[in-house]
Amino acid sequence: MSTFLVLAGFGGLAIIGAAIWRDGCDDIARLISERRDLKAENEFLKLTDDELAELIISDLRRAIILN
């Protein structure tokens, strides 16, 4: 009986550990995603007017071709 309780305790600890690990991984993934978005936004804000116009025109061309 005591062996069963010990094994059940280890199983419970494994489940708790897995939940903590998953939450940690989710937080890390969220932070990486936010950093990537901020980096892309920063690069977008550094565009010159000519580069921005070129980007808009290429998007319009792509939209026209797809429709």
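Predicted model: local features only at pLDDT ≥ 70, side-chain atom pairs only at ≥ 80, totals over all residues.
**Entry 1: Asp23 and its partner**

At a relative accessibility of 41%, Asp23 counts as partly exposed. I then looked up the salt bridge of Asp23 and found Arg22 as its partner, with the closest N and O atoms 3.9 Å apart. I noted that this pair is counted because the cut-off for a salt bridge is a nitrogen-to-oxygen distance within 4 Å. Arg22 itself is exposed, at 53% relative accessibility; the label follows because exposed means over 50%.

**Entry 2: Search of the whole structure**

How many salt bridges does a search of the whole structure find? I recorded 3. The pair Arg22 and Asp23 is described above, and I went on to Arg30 with Glu34 and Arg62 with Asp59.

**Entry 3: Arg30 and Glu34**

For the salt bridge between Arg30 and Glu34, I read 3.2 Å between the closest N and O atoms. I asked how these residues are placed in helix α1, which covers residues 2–45. Arg30 and Glu34 are 4 residues apart there, so about one helical turn separates them.

**Entry 4: Arg62 and Asp59**

I next examined helix α2, residues 49–66, where Asp59 and Arg62 lie 3 residues apart, about one turn of the helix. Their side chains form a salt bridge with an N to O distance of 3.1 Å. Is Arg62 buried, partly exposed or exposed? I found Arg62 partly exposed, at 48% relative accessibility. Asp59 is also partly exposed, and its relative accessible area is 38%.

**Entry 5: Negative patch**

I then turned to charge on the surface. Which residues gather in a patch of negative charge there? I listed Asp49, Asp50, Glu51 and Glu54. I checked Asp49 individually and located it in helix α2. With a relative accessible area of 66%, Asp49 is exposed.

Notes: Residues numbered from 1 in each chain as written. Heavy atoms only, no water. Buried < 20%, exposed > 50% of the residue type's maximum accessible area, 1.4 Å probe, protein only. Helix = DSSP H or I, 4+ residues; strand = E, 2+ residues; numbered from the N terminus. Patch = residues over 30% accessible without salt bridge, like charges linked within 9 Å, V, L, I, M, F, W, Y side chains within 5 Å. Areas by Shrake-Rupley, 256 points an atom, 1.4 Å probe, with all protein chains shown as cover. Lys, Arg positive; Asp, Glu negative; His and termini not counted. Charge placed at Lys NZ, Arg CZ, Asp CG, Glu CD.
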